[in-house]
Structures are given as structure tokens and as C-alpha cells.
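Trainee: I'd like to learn how to read a protein model, one feature at a time. Could you walk me through this one?

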Amino acid sequence: MKHLLPVTGLTRRSFLGSAAGGLLFQALPVTMRGASATLPPIDLVAAPAKVQLAPEGYPATRLWTFNGRAPGPVIRARQGDRLQAVATNHLGEATTIHFHGVRMPNAMDGVPHLTQPPIEPGESFLYDFELTDAGTFWYHPHANSAEQVGRGLHGALIVEEKTPPVVDRDLVWVLDDWRMTENAQLAAFGHPHDLSHAGRIGNTVTLNGRIAPPLRLRKAERVRLRLINAANARVFGLEFEGHRPWLIAIDGHPVSPQQIDGGQLAIAPGGRADLILDGTGDAAERHSVVDRYYPRGAYKLTDIIYEDGPGPRAEPLDPPEKLPDNPLPRPDVDGADTLQFALSGGAMGGMAGARLRGRHRDMRALAQAGMFWAINGVVQPGLDDSYGGEPLAVLQRGRSYRFVLRNESAFDHPIHLHGHSFLVLARNGVAQPEPAWHDTVLVRPRESAEIAFVADNPGDWMFHCHVLEHQHSGMMGFVRVTA
Ligand code: C2O
Ligand code: CU
């Protein structure tokens, strides 16, 4: 594997001059906006396209895209709207679209074989559902996900609050990570080392499809940053040098605003974070946003550059208030049934074997089948109609559940549940002072997380690792909520 486009190399100053600066965000169209309503259907066409991801001088990269761009179009709607999206498949293989984090009827969840037939090449499928929750969400295929998402199929879904907070600009930052060859093409997918280790960590990080496009700010300006981790495997651990942004939402759901004080904001694959960033610098100041999640792989994600001229106001705004809560049912934690989920496998994980298609196999046989991971000792292969296997758990509709997720492996697992959001109650047995709603929770090696939710949405819901190579090689399954 050649790494001719190392993340660190690409963030050098010489490449910054070519970025479009403030234009970047205008290049991502706002596809819809308006009062609560049924919105005009939007088209999402999955098709190959060439996109200039690498700096000028490198060739365009052959990707699979929605509507010819990567990331795909930003869909903007308002809480309570009804979204209709026509997915059309012009790929050479079947696909679907899953709207990650959106609580919706099971039939619209976009999981092939489990909730709908796959969309075959040349076919279309209408996704049609109401947007109950405000927040930052995203969409991506759920078929051959490691490759389809990894080749560029994903985009942001922004659901605005009925009364959004006062900001000067509302910006979406779709973070992605690509493994590129020296010709700026994507390296082959499905490498066994990626499956059995940390997933497909790339060598080129992009922000809205560009490398390190600077954020131009003015003094006392307030922007809302909606960060989405669309990478297959990379966890981001962002530090905003010279700034103290407020974290106001996780996975779309409000939290009491808290300042990231010189600390690191971790966003795992699938996860989102909304920040309020106040411009506290003076004209011509320049600060970096640095990703230090992997201690030996720190690099600069982008720069914050202060513009000349007067800002929008003389004094900075007051600290932000908490956003209005989404209508989520609060679990009865004391009365909840507790279920245990062991996350195991991978290199250095010590897993001896697991059940695959109803039979126990040792690790060697699993590896031969391209499988490396298990949830509660069961390996779930993807890509076919074998979801027909047993659910990991059957939940009574309306009941509260507490899941204890134990990571018995040597790698990070961001665990995602479809159709519901859950409170993260505790990590490693330590209660969280203010449990926050998530749809994806990062469980670090040898750690545990306790989550709780009301199983209020009937159907079969995927429950899987969002390191897409782990999902691909066994770390997935589904829970059934009875009708
Ligand atoms: Cu973001 Cu099961 O997906
Ligand atoms: Cu994982």
C-alpha cells in the first residue's frame, strides 16, 4: 500500500491557497427549506462520477456518488416535515438508502432484505417519512456498505428546529477519510487486514469533499457547525486551537451546552456533533483545527482564518441556550430489562470461535470465510438475505431496556441502533452525570457502555458496529421490537 497522499502532507500550506475558501459552503446546495409541509420529492441518484478530491495537479477520483458529488447534496428540512426521496440506482450493483439516526417506520429504514428488497440497478425506491426529530442526520446505502459508503455515497440530512438558535451561519462539515493511491484513485476494498483490525483507515481526510478548506470567520461572529463522521473507520478527535466551541447536540439531540475547553471532541464513524463556534480572534489571526485522536497520526484538519473588516456585532453573543428537546420517550431505567452484548473478535482479541450460520466455527474457519467479529458469539455475514437468522433480542414494544455493551476486543466499536435513540447512562460502570441521547456509541477497547431506551418502534432494527469493515465481517445483527 502506497501512501502518496499522506494526511499530514496534504495539509501543508501550499495546498491551502487552492481551496475555494468561503465559496466552499455555497457549493453544497440547500435542496429544500420551508414551513412544516410535505416537501417536493428530491432525487438521489447513485451513480459513478469523477470528483476532484485531491488538490489541483492530481487527477479527479473515480467515485460512486449521489447526484454526481461527494458528499451528496445536503438535504435541509424542518422538524415535522414529511420527506420524500426517490432513490435511483445507476450503480452496477444493488443498493438502498438508510437515513441514519432518523426515527421512522421500519419499512423506510433502508436495510436490504430486512426492511425492503434491495434496489437493483436501473430501479428506484421512494423513501417517504416524517421528520419527528430536529438535528443533524445523514444518509448512506446499507448494501455492501463498506464499499458503497467508502466510495463516496453519503450526504447530510439537516432537520432544523422549528425555532432555530440565532447564528450568523449554519455550516455542515461532512468529514471523510479516503485511502488513495498515488494517482488519487481509491485503493481496493476488502483487505483482510482492514476487516480484522481497525477498519479501512485512509490516508486522505476531506471536509465537504475538499482537503483542509479554511473556515473564514469574523470577530464576534457565531456559526453553528454540524459535524458528521462519514468515514468508514476513522474516529476524529478534534481540537479547536484558540477557541472554546460549545457542544450543543450529539447525534442530532440537544445536550446542555458545554465548552470543549482545550479538550478533544471525539466523533466516531456514524456519529455527529453540533457546535456553536464564536469568533473570538482578530483580523488576520489564524488557528488550526487539529485531529489528535490517534496519538501517532495527528494532522491538521483545517484552519480558522480571521477576515478583515467589521464583524456582525460589537460584542460577542451570550452563551447559547439548550436547544428544545426532541420528543423522545424517557426510559424507566429502574424498571428496565437488562440485556448483555459482548463485542468480540478481531486481531489480538482472543476470540476462539463463534457461530456462523448456525454452526460453531473456530477462528481459522471464520477467517477463511472473511469473518472476524461477533456479537454475543454470533457472526452475522452481510450482503445476502441471511438476515433471516434469529434476532439478537426480542423486545416488547413500549418496554424500557438497558443494554450493557462490553467491548472484549482490542479495537474501537461505534455501535449503532436503528429506529431508536438511546441514553448513554454509564461508561465502565461510571454513571454519566447527564446522560445524553445517541444513536451511535463509541465503545473503546476493553471498555463497556450502558445504554437505555424505550423500544417504542415496532420492527426489525439493525444493531451493528459502524466501522463498516467490522459490520461487513460479522459485527452486526438486529433486534426485533414486537408489534
Ligand atoms: Cu449509518 Cu446501519 O447505519
Ligand atoms: Cu467495530
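Trainee: Which residues coordinate the copper ion (ligand 2)?

Mentor: Keep in mind that this is a predicted model. The copper ion (ligand 2) is held by His-413 through ND1, Cys-465 through SG and His-470 through ND1, at 2.0 to 2.1 Å. Along the sequence, these donor residues follow the spacing H-x51-C-x4-H. His-413 sits in strand β27 (residues 413-417) and Cys-465 in strand β32 (residues 459-465), so to speak two distant parts of the chain linked by the pair, 52 residues apart.

Trainee: Are His-413 and Cys-465 buried or exposed?

Mentor: His-413 is buried, and Cys-465 is buried as well.

Trainee: Next, sheets. In what order do the four strands of the open sheet lie?

Mentor: The general idea comes before the case: strands of a sheet pair through backbone hydrogen bonds, either parallel or antiparallel. Here, four strands make an open sheet in the order β3-β8-β7-β5, with mixed pairing. At the edges are β3 (75-78) and β5 (98-100), each of which pairs on one side only. On average, neighbouring strands of this sheet are turned by 25° against each other, direction ignored.

Trainee: How many bridges join β5 to β7?

Mentor: Three bridges join β5 to strand β7 (residues 135-140), and the two run antiparallel. Look for His-98: its bridge partner in β7 is His-140.

Trainee: What about a hairpin? Which residue between β21 and β22 takes a positive phi?

Mentor: That's Arg-357, with a phi near 45°, in a hairpin that has two residues between the strands. Strand β21 (residues 353-356) and strand β22 (residues 359-362) run antiparallel and are joined by four bridges. Within that pairing, Arg-355 has His-360 in β22 as its bridge partner.

Trainee: How do I read aromatic pairs?

Mentor: A pair of aromatic rings is described by the distance of the centres and the angle of the planes. In this model the count comes to twelve aromatic pairs. Take Phe-99 and Tyr-139: their ring centres are 6.0 Å apart and their planes stand at 40°, so the pair is tilted. This pair links distant parts of the chain, with Phe-99 in strand β5 and Tyr-139 in strand β7, 40 residues apart. Both Phe-99 and Tyr-139 are buried.

Trainee: Why is the pair of Tyr-293 and Tyr-294 called edge-to-face?

Mentor: Their planes are at 85°, so the pair counts as edge-to-face; the centres are 4.9 Å apart. Tyr-293 counts as buried, at 13% relative accessibility, while Tyr-294 counts as partly exposed, at 23%.

Trainee: Which residues do ring pairs link into a cluster?

Mentor: The cluster is made of Phe-66, Phe-99, Phe-125, Tyr-127, Phe-129 and Tyr-139.

Trainee: And the nonpolar core? Which members of the largest one touch the most other members?

Mentor: Leu-395, Phe-403, Leu-405, Ile-415, Val-441 and Phe-453 do, out of 31 residues. A second, separate core has 29 residues, including Leu-171, Leu-175, Leu-238 and Ala-436.

Trainee: Where is Val-424 found?

Mentor: Val-424 is in strand β28 (residues 422-427), and it is buried, with a relative accessible area of 2%. Leaving aside neighbours within four places in sequence, its contacts include Pro-435, Ala-436 and Val-441. The C-alpha atoms of Val-424 and Pro-435 are separated by 5.3 Å, although these residues are eleven residues apart along the chain.

Definitions and conventions: Residues are numbered from 1 along each chain as its sequence is written. Chains are lettered from A and ligands numbered from 1 in the order in which they are written. This is a predicted model: local features need pLDDT of at least 70, side-chain atom pairs count only at pLDDT 80 or more; totals for chains, interfaces and linings use all residues. Side-chain values use heavy atoms; hydrogens and water are left out. Donors are N, O and S atoms within 2.8 Å of the metal (3.2 Å for Na, K and Ca); water is not among the atoms, so sites may look incomplete. Buried means under 20% relative accessible area, exposed over 50%, partly exposed in between (1.4 Å probe, protein chains only). Two strands pair if DSSP finds at least two bridges between them. Axes are lines fitted to C-alpha atoms, for helices over the stretch in contact, and angles run from 0 to 180 degrees between N-to-C directions. A nonpolar core is a set of buried Ala, Val, Leu, Ile, Met, Phe, Trp, Tyr and Cys residues joined through side-chain atoms within 4.5 Å. Rings of Phe, Tyr and Trp (its six-membered ring) pair if their centres lie within 6.5 Å; planes under 30 degrees apart count as stacked, over 60 as edge-to-face and the rest as tilted. Contact means heavy atoms within 4.5 Å.
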